[in-house]
Amino acid sequence: MRIFVDMDDVLADTYGKHIEWYNKEHKANLSLEQIEHGEVWQNVPDIHQDGIRRHVTSPGFFRELQPIENSQDVMKALSQTHDVYIATAASQFPNSLKEKSDWLDEHFPFISWHYRIYCGYKFMLNGDLLIDDRSYNLKDFEGDTLLFSSPHNVNERGFTRVDNWLEIAERLL
């Protein structure tokens, strides 16, 4: 099986990094448990929203992300039995291409650079499965899809949803 896996908020905790940086910048105590839906910037006072949006253009943001729980073990097991590719947007933000590549080298060294696709539109990928947290990436993909749960997509319907990497392991291993 050829599987494509998104990076941000599927393998790497960008949502958590936004919260961490916001709390540091504003001496706040925002937590994931306080957010019911939407993007992080939609859950803070209006005056701070642009600052959160700028995080992704700040040096170090993508490099300092934490792996999503169990993603490394499950991805390693998947890569031993399937063709697994990382499919992530990287040209949208100036620093992200190098930072994402370095991050993958550190946290997913078993996924060779040959299996990393830096792209915008994912519908053009030709494979059996796409795992992503953004429904717009899933809707035109011709294979099967899994929507990886994140606060920003809690209201999305029409996709098979997975809440964590252990669910993915149950389905695919």
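Modeller: Happy to! Let's begin with the second largest pocket, which has a volume of about 250 Å³; please keep in mind that this is a predicted model. Its lining is made up of 14 residues, and Tyr15, Leu32, Ser149, Ser150 and Pro151 are the closest to its centre. Sorted by class, the lining of this second largest pocket has eight nonpolar, three polar and three charged residues. Helix α1 gives the largest share of that lining, with three residues.

Now for the largest pocket, whose volume is about 750 Å³. Here 29 residues form the lining, and those nearest the centre are Asp8, Gln92, Phe93, Arg134 and Tyr136. In the lining of the largest pocket you will find 12 charged residues, along with 11 nonpolar and six polar ones. Three helices each supply at least two lining residues to the largest pocket: α1 (14–26), α2 (46–54) and α5 (135–138). Of the lining of the largest pocket, α1 provides the largest share, three residues.

Asparagine 23 counts as buried because its relative accessibility is 16%, and the cut-off for buried is under 20%. Leaving aside residues up to four places away in sequence, asparagine 23 touches Ala28, Asn29 and Leu30.

Technical notes:
Residues are numbered from 1 along each chain as its sequence is written. This is a predicted model: local features need pLDDT of at least 70, side-chain atom pairs count only at pLDDT 80 or more; totals for chains, interfaces and linings use all residues. Side-chain values use heavy atoms; hydrogens and water are left out. On a 1 Å grid over the protein atoms alone, a cavity is a set of points where a 1.4 Å probe fits but cannot get out, and a pocket is an open set with protein on both sides within 12 Å along at least five of seven lines; lining residues have an atom within 4 Å of a point. Grid points are joined across faces, edges and corners, and a volume is the space filled by probe spheres set on the points. Helices (H or I, at least four residues) and strands (E, at least two) are DSSP runs, numbered from the N terminus. Ala, Val, Leu, Ile, Met, Phe, Trp, Tyr, Cys and Pro count as nonpolar, Asp, Glu, Lys and Arg as charged, and the others, Gly among them, as polar. Buried means under 20% relative accessible area, exposed over 50%, partly exposed in between (1.4 Å probe, protein chains only). Contact means heavy atoms within 4.5 Å.
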